[in-house]
Amino acid sequence: MKKNTGFIPDETYLKDIDAAALSGGLFEPLPSEEKQTDVINRPSVSYWENARAKLKADPLAMGGFMIIAIMIALAVFGPMMRPYAYDEQNYSIANQTPSADHWFGTDKFGRDLFVRVAYGARISLTVGMAAAAINMAVGVIYGGISGFVGGRTDMLMMRIVDIIMAVPSLLYIILVMVFLGAHMHSIIIALCFTYWLGTARIVRAQILSIKSQDFVLAAKVIGETDSKILFRHLIPNSMGPIIVTVTFLIPQAIFYEAFLSFIGIGIAVPVASWGTLANDSLSNMNTYPHLMLFPALAISLTIFAFNFIGDGLRDALDPRLKR
Amino acid sequence: MAKYILKRLAAAGISMLVLVTATFFLMHAVPGSPFSPGEQRNVPPKVLENLRSKYGLDLPVWKQYLNYMDNLFHGNLGYSFKKLNYTVNELITSGFPASAVVGALAILFALAVGIPLGITSALKRGGWMDWFSMILATVGISMPIFIIAILLMFVFSMKLQILPIYGYGTASHLVIPVICLAFSPIAYITRLMRSSMLEVLRQDYIRSTRARGVPELMVIAKHGVRNSILPVVTYIGPLIAILLTGSFVVERLFMIPGIGRYFVTAVSERDYSVILGITIFYGAFIMLCTLLVDVAYAIIDPRVKFTD
Amino acid sequence: MSGHLLEIRNLRTAFAIAGGVVRAVRGIDIFADKGEFLGVVGESGCGKSVTMLSVMRLLSENASVKADLLSFDGMDLLRQSPKKMRMLLGDKIGMIFQDPMTNLDPLYTIGNQIMEPLKLHRKMTSREARKRAVEMLDLVGISSPEQRLKQYPHEFSGGMRQRVMIAIAMSCNPKLLIADEPTTALDVTIQAQILELMKDMQDKFATATLLITHDLGVIASTCSRVIVMYGGLIMESGSTEDIFYRPEHPYTIGLLSSISDVGDTGRKKLTPIPGSPPDLMNPPAGCPFTARCDSAMRICAKARPQMTETGPGSGHGAACWLSEAGAATGKAGRG
Amino acid sequence: MAGNALLKLDDLKMFFEIRTAAFGKSSRKQLKAVNGVSFSIEKGRTFGLVGESGCGKTTAGRTILKLYKATGGRIIYGGADITDMNEKDFFPYRRKMQMIFQDPYTSLDPRQPVSEIIGAPLSLHKIVSNAAERFERVRELIHMVGLKDDHINRYPHEFSGGQRQRIGIARALALMPEFIVCDEPISALDVSIQAQIINILEEFQERFGFTYLFISHDLSVVRHISHGVGVMYLGNLVEAAPVNELYGNVKHPYTQSLLSAVPIADPIAAKGRKRIILEGDVPSPLDPPSGCPFRIRCRNASGICAEENPGLKDIGGGHAVACHNMLQ
């Protein structure tokens with residue numbers, strides 16, 4: 001036991017009280033007010049309060065929130081901060097390195113990179129949030145119905161999910177992109193095609209596991225109707241995992257947008273997206289690496305931040321509350 | 001067992017039918033057919049008409065669909081609309097070897113790195129190895145593959161100049177593409193292996209085995225690893241799909257003559273028959289792989305029994 | 001070192017967890033003699049299982065274990081290397097745990113798991129180990145042992161798995177068998193089978209058995225000596241008869257009067273112990289039972305009573321200020 | 001046992017359709033969880049239902065409260081046939097028939113404070129008209145089960161098992177029902193806490209005249225609390241009798257071995273007692289034996305046992321046994 005000795009200090013306690021103290025009424029009965037039992041000393045905290053406290057104590061998640069706040073600020077105000085338009089070409093200042101005039105430098109057409117990255121933030125964040133929001137709605141409704149109704153409906157609905165899911169979603173996404181053409185809204189629509197499947201499965205599993213818990217039976221016993229049970233018990237209890245899932249959907253959507261733009265079927269030039277910026281920088285990466293650096297940094301930091309937030313939320317919203 | 005596989009194949013058949021049908025009609029609903037005058041300005045209209053009838057494009061869509069399905073059953077995916085002398089089958093057979101080599105190497109590499117990394121970080125929880133592999137895992141999950149690819153290319157090929165920038169043929173050509181492809185799978189496998197190992201180490205049977213005096217190394221190697229590797233096995237199915245995404249970037253960026261590159265080219269050139277053909281091929285291939293993985297799982301885990 | 005097979009003196013085990021330290025065992029003395037059937041009884045969280053896991057060094061890394069003496073079969077366990085300690089486990093000390101469903105590795109055959117310690121400790125060849133494994137399965141009442149060896153745990157019922165656990169624990173003929181709630185997860189009729197089997201094994205192998213349980217009924221029908229634990233401390237210890245018929249400690253008395261007996265007729269009012277057990281993250285300074293004790297005195301909340309024997313050499317003692325006070329005032333009266 | 005029965009079960013059957021989740025083939029089987037159970041409970045009395053895990057006692061309790069739809073047989077409550085009543089017509093009965101659950105950790109919604117858990121039935125059945133009244137009533141209820149004011153706004157995870165179980169009792173009590181199904185209410189609790197719960201249940205029966213169906217695997221507790229007892233095995237009721245008759249004059253070999261297997265907390269009595277140790281395990285309810293469900297483990301089994309299910313037969317004195325060769 002040498003290993004841990006000294007790591008936890010020993011408990012200190014009185015083993016004997018010296019004889020003189022014996023006279024001091026120590027052997028009088030202890031009044032019942034002084035018996036401390038069934039008393040809870042800790043302050044009362046609800047699940048959500050507890051989660052918020054845990055999240056606040058998580059430096060990575062808080063850092064993630066800060067990065068996202070900065071990115072949102074960049075998306076909203078960035079283009080206004082500089083006197084250039086994202087598609088304003090000026091060959092006399094092509095391929096400049098970062099300077100006071102052009103914070104992130106300029107590209108081969110002399111377009112200001114800072115403004116273009118800020119525009120990219122608009123596209124990426126819009127795609128991420130919109131796709132996540134739509135998919136959460138579809139996934140929660142589909143999975144919720146499937147899990148709540150159960151039986152044959154559930155079986156049929158899940159069969160459909162299985163059939164679509166057997167094929168990698170990227171194939172569907174690319175097909176929809178080919179069909180709709182290279183626009184931001186087509187990326188969102190393409191993502192919506194298959195993206196909700198995972199959410200639906202998770203929501204269904206959540207609903208099923210909560211449905212089997214005794215407190216749902218207890219609600220039935222006191223006479224609560226099905227819809228009441230759904231809104232008072234099932235939804236509040238499955239909110240945690242749903243939020244976590246959706247948080248992870250956002251970075252995935254941002255990744256797909258960048259990926260599609262990078263391989264040339266996402267957003268079409270001259271509109272700037274982080275993926276297209278990265279793709280543009282390829283041709284003279286050796287001479288002008290900064291053209292690569294800024295969009296790459298923006299994508300990675302954003303996805304990083306969302307992943308950290310997701311991890312933090314997962315820990316904070318863990319249904320297994322400490323007792 | 002045979003019955004199980006047949007059942008799975010039947011289910012895969014349904015998924016394929018949905019995919020083929022959806023793809024077919026989607027591709028035919030795209031405005032502007034490949035040989036319409038709008039698309040091919042410098043070809044005389046008469047030639048276009050001939051081409052259209054040669055490819056059966058002048059028939060009603062449902063007839064084209066039936067023809068296509070008929071051909072598909074005979075393993076014939078039709079002609080490319082752009083590379084006019086090639087059949088889609090030829091494109092796939094010429095691209096498959098390169099894609100398969102890079103993909104298989106990436107899977108092996110990802111497993112070979114991710115599993116030990118996950119195990120050590122679980123065993124030395126909170127130590128520097130754990131810290132390092134968790135950072136690696138987060139980076140791997142957060143950095144898009146094309147950024148990793150560009151970074152590696154920039155450092156090793158352009159600055160250090162120790163590896164070729166692109167191409168295919170020698171072993172040194174494979175290094176960066178395989179690392180790129182394996183990067184995010186390594187991250188996933190490390191995370192998965194770590195959490196699964198931690199979970200297994202908490203199990204009663206691990207304590208029981210220790211209580212029998214089995215040396216720690218054997219407890220970990222015999223009981224810990226085998227139990228915790230099961231989720232990793234189930235991950236191999238989705239892993240193949242992830243590699244597919246990666247292969248589009250890697251094959252394009254490093255000029256590897258694989259299916260992924262043909263596919264991306266076909267997409268940007270709107271070569272519908274190739275898109276259709278390769279999509280079907282990918283779908284079938286991945287479903288086959290998933291089936292094989294599931295069968296392998298059932299062999300590893302005695303609790304899973306085939307009933308027939 | 002000591003004449004006892006197993007001797008524990010002043011064992012203290014604490015766990016560092018998020019938000020503080022849980023003091024699971026807070027200074028206890030236990031001994032067990034060769035061939036005896038000793039029971040350790042207490043409610044959940046009283047430290048009965050942690051005690052044994054501490055001695056066997058089977059706790060997780062956030063545990064700190066300290067003791068003045070830990071000896072087994074003449075060996076000082078505090079000085080043994082981890083390797084020596086390991087060689088004892090499974091060989092001279094066998095253990096059985098509560099849940100038979102989770103204590104066998106699902107991926108290996110029963111045979112593999114029985115043969116594991118035999119090959120390791122007895123250096124048997126596979127063939128010898130298999131022969132011994134068949135013998136052991138036969139001994140614990142599993143029919144057609146040759147075929148059963150090739151099966152996996154999920155093909156066995158709960159009772160059968162617990163038999164397998166016993167077979168594994170007994171295969172190297174240990175001097176001490178520690179059984180941690182071996183029947184809690186089982187149905188009554190299966191529980192009876194397993195207890196019968198354990199007694200049978202003890203007769204055959206003359207193994208000392210240490211049975212940890214929360215069930216006084218199980219203790220009464222199997223053990224010859226009992227230790228009662230509460231709040232990480234020993235409250236009372238003595239022969240089974242002493243504990244059941246002449247309990248000294250208010251906790252033991254409370255425990256006995258709060259259980260209903262299948263032999264009782266009619267509705268006699270049960271006397272429950274009010275309140276809940278103490279939170280060992282912040283254990284009370286004095287006797288842990290003070291808050292729930294009807295006869296608690298001021299001193300009980302302040303200082304911890306020591307184990308006092310009812311009579312010299314009686315082997316029956318209680319850690320209670322009532323007993324100590326009785327002894328003290330008795331002496332005072334005489335003096 | 002006749003007289004003014006509050007609840008009467010007549011040949012109650014509850015079968016589950018099971019799709020065996022084996023890899024590959026899914027086969028449908030019927031799990032006969034409750035296979036023709038009949039008994040009745042008089043007003044103000046406790047009927048103990050005992051048996052080992054998987055014998056169908058919990059399912060029986062839940063079917064009575066219409067949490068499952070009975071496959072066959074009748075449930076008569078207070079003279080009315082409630083078997084096929086729809087949820088709307090049954091709503092008034094919800095107020096009269098309540099339940100206490102086994103697991104105090106899963107039976108309380110972790111997202112709701114105690115005031116909401118206990119207050120919900122009050123509002124639902126319009127027992128209180130406003131929030132202040134509701135709060136007052138909740139306070140009264142938690143005092144009745146021995147909790148304090150300070151506990152009202154706390155969440156379930158802040159309580160110990162025994163305290164949670166008391167909250168569960170307060171929830172059932174809120175509607176002041178006539179009949180309560182107690183489904184293993186103490187088996188998840190420590191011994192010293194079990195007696196607290198038993199005493200609360202007994203006290204309320206005396207004060208309010210509750211009728212209990214007490215489901216348990218613990219024969220000692222059942223003997224303590226019940227007036228009549230039924231023993232279940234594999235979905236069948238194999239023996240039922242007034243409590244002292246059952247424990248004193250055992251007729252069914254299964255009841256006999258069950259009783260002899262119960263550990264008793266009395267070393268001398270334990271040593272002197274002859275134990276009948278059953279061989280083997282309970283068969284799977286998916287694949288029960290033909291005829292008498294117990295015959296495979298029964299020492300007295302004869303040819304007829306494999307052929308027909310003996311069925312529960314009254315042998316006088318309110319004692320009913322399902323056995324071809326009952327004990328003398």
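Colleague: What are H4(B) and H12(B) to each other, oblique or roughly parallel?

Modeller: H4(B) and H12(B) are oblique to each other. That class takes the angles left over once under 35 degrees is called roughly parallel, over 145 roughly antiparallel and 65 to 115 roughly perpendicular. The model is predicted: local features need pLDDT of at least 70 and side-chain atom pairs 80 or more, while totals for chains, interfaces and linings use all residues. Residues are numbered from 1 along each chain as its sequence is written, with chains lettered from A and ligands numbered from 1 in the order written.

Colleague: At what angle do the axes of H4 and H12 of chain B cross?

Modeller: At roughly 55°, and the axes come within 10 Å. H4 covers residues 88-123 of chain B and H12 covers residues 272-300. Helices here are DSSP runs of H or I with at least four residues, strands are runs of E with at least two, and both are numbered from the N terminus. Axes are lines fitted to C-alpha atoms over the stretch in contact, with angles from 0 to 180 degrees between N-to-C directions.

Colleague: Which residues of H4(B) and H12(B) meet?

Modeller: B:Val88, B:Leu91 and B:Ile92 in H4(B) meet B:Ser273, B:Val274, B:Gly277, B:Ile278 and B:Phe281 in H12(B). Contact means C-beta atoms, placed from the backbone, within 7 Å. The contact of H4(B) with H12(B) has 6 nonpolar, 2 polar and no charged residues. Nonpolar is Ala, Val, Leu, Ile, Met, Phe, Trp, Tyr, Cys and Pro; charged is Asp, Glu, Lys and Arg; the others, Gly among them, are polar.

Colleague: Switching to chain D. How many helices and strands?

Modeller: Chain D has 11 helices and 12 strands. Its radius of gyration is 21 Å, close to the 20 Å from the globule rule for 328 residues, so chain D is as compact as a globular protein of that length. The radius is taken over C-alpha atoms, and the rule is 2.2 Å times the number of residues to the power 0.38. The C-alpha atoms of chain D fill a box of roughly 70 × 50 × 50 Å along the principal axes.

Colleague: How many residues of chain C are in contact with chain D?

Modeller: 39 residues of chain C, against 37 of chain D. H7(C) gives the largest share of the chain C side, 7 residues. That side divides into 14 nonpolar, 17 polar and 8 charged residues.

Colleague: And how many residues does the contact take from chain A and from chain D?

Modeller: 21 from chain A and 26 from chain D. On the chain A side, the largest share is the 6 residues from H7(A).

Definitions and conventions. Two residues are in contact if their C-beta atoms, placed from the backbone, lie within 7 Å.
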